[in-house]
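Reader: I am new to this structure, and I would like to understand the words used for it. Could you show it to me and then take my questions in turn?

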Amino acid sequence: MSVIEDVKLLFLLACAGLLAAGCATKSTPDQRRAERAAAYASLTPEARALVDAGQIRVGMSEDAVYIAWGKPAEILQREDANGLRTLWLYEGGWMEESRYWAYRQVGRSQGGMALERYLVTDYHPRTFIRAELVFVDGRLKEWRTHAAPR
């Protein structure tokens, strides 16, 4: 392996480790139900069934949405004549593949050096806004999801 290939391998292993560490810190629905037990207990049976299935509906409280979907990536607020609106943004992501040709020096059997062309494949993390949720007075007013831009 060349030095460049060693560095790329180390980089990929580091990315995989960070990804695994990030996944390990995400909360599960069971943890979120325990964290907000009082809010979960106050939900109607229909709302509990939705939350348990990871689904949301207009009219749900912020606590119910948090239990169903987890912590948003970003929370924004704005106030206008109609009152305070809170926007929760959830992110999605994927690894984008890119390929290109590179060259390396190789020894020849007759002596001397030559350049050898080889194909390199790299992966780059990409994120996008997966969902936008609008809350008015602590209740889900509207929401929409976005497909991954490919």
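Reader: What makes the contact between Asp30 and Arg33 a salt bridge?

Author: In this predicted model, where local features need pLDDT of at least 70, side-chain atom pairs count only at pLDDT 80 or more, and totals for chains, interfaces and linings use all residues, the side chains of Asp30 and Arg33 meet at 2.1 Å, N to O. A salt bridge is a side-chain nitrogen of Lys or Arg within 4 Å of a carboxyl oxygen of Asp or Glu, and therefore this pair qualifies. Residues are numbered from 1 along each chain as its sequence is written, and side-chain values use heavy atoms, with hydrogens and water left out.

Reader: Where do Asp30 and Arg33 lie?

Author: Both belong to helix 2 (residues 29-35), three residues apart, which is about one turn of the helix; helices here are DSSP runs of H or I with at least four residues, strands are runs of E with at least two, and both are numbered from the N terminus. Asp30 and Arg33 are also linked with Asp52 in a network of salt bridges.

Reader: Why is Asp30 called exposed?

Author: Its relative accessibility is 54%, and exposed means over 50% relative accessible area, buried under 20%, and partly exposed in between (1.4 Å probe, protein chains only), so Asp30 counts as exposed.

Reader: Why is Arg33 called buried?

Author: Arg33 has 18% relative accessibility, which lies under the limit for that word, and therefore it counts as buried.

Reader: How do you know that Asp63 and Arg36 form a salt bridge?

Author: Their closest N and O atoms are 2.8 Å apart, which is within the cut-off, so the pair counts as a salt bridge. The pair links distant parts of the chain, with Asp63 in helix 5 and Arg36 in the loop between helix 2 and helix 3 (37-41), 27 residues apart. Asp63, at 31% relative accessibility, counts as partly exposed, and Arg36, with a relative accessible area of 26%, is partly exposed.

Reader: What makes Arg78 and Asp80 a salt bridge?

Author: The closest N and O atoms of Arg78 and Asp80 are 3.9 Å apart, a value within the cut-off, and so the name applies. A search of the whole structure finds eight salt bridges.

Reader: How do you know that strand 2 and strand 3 pair?

Author: Two strands pair if DSSP finds at least two bridges between them; 23 bridges join strand 2 (residues 83-107) to strand 3 (residues 113-136), so these antiparallel strands pair.
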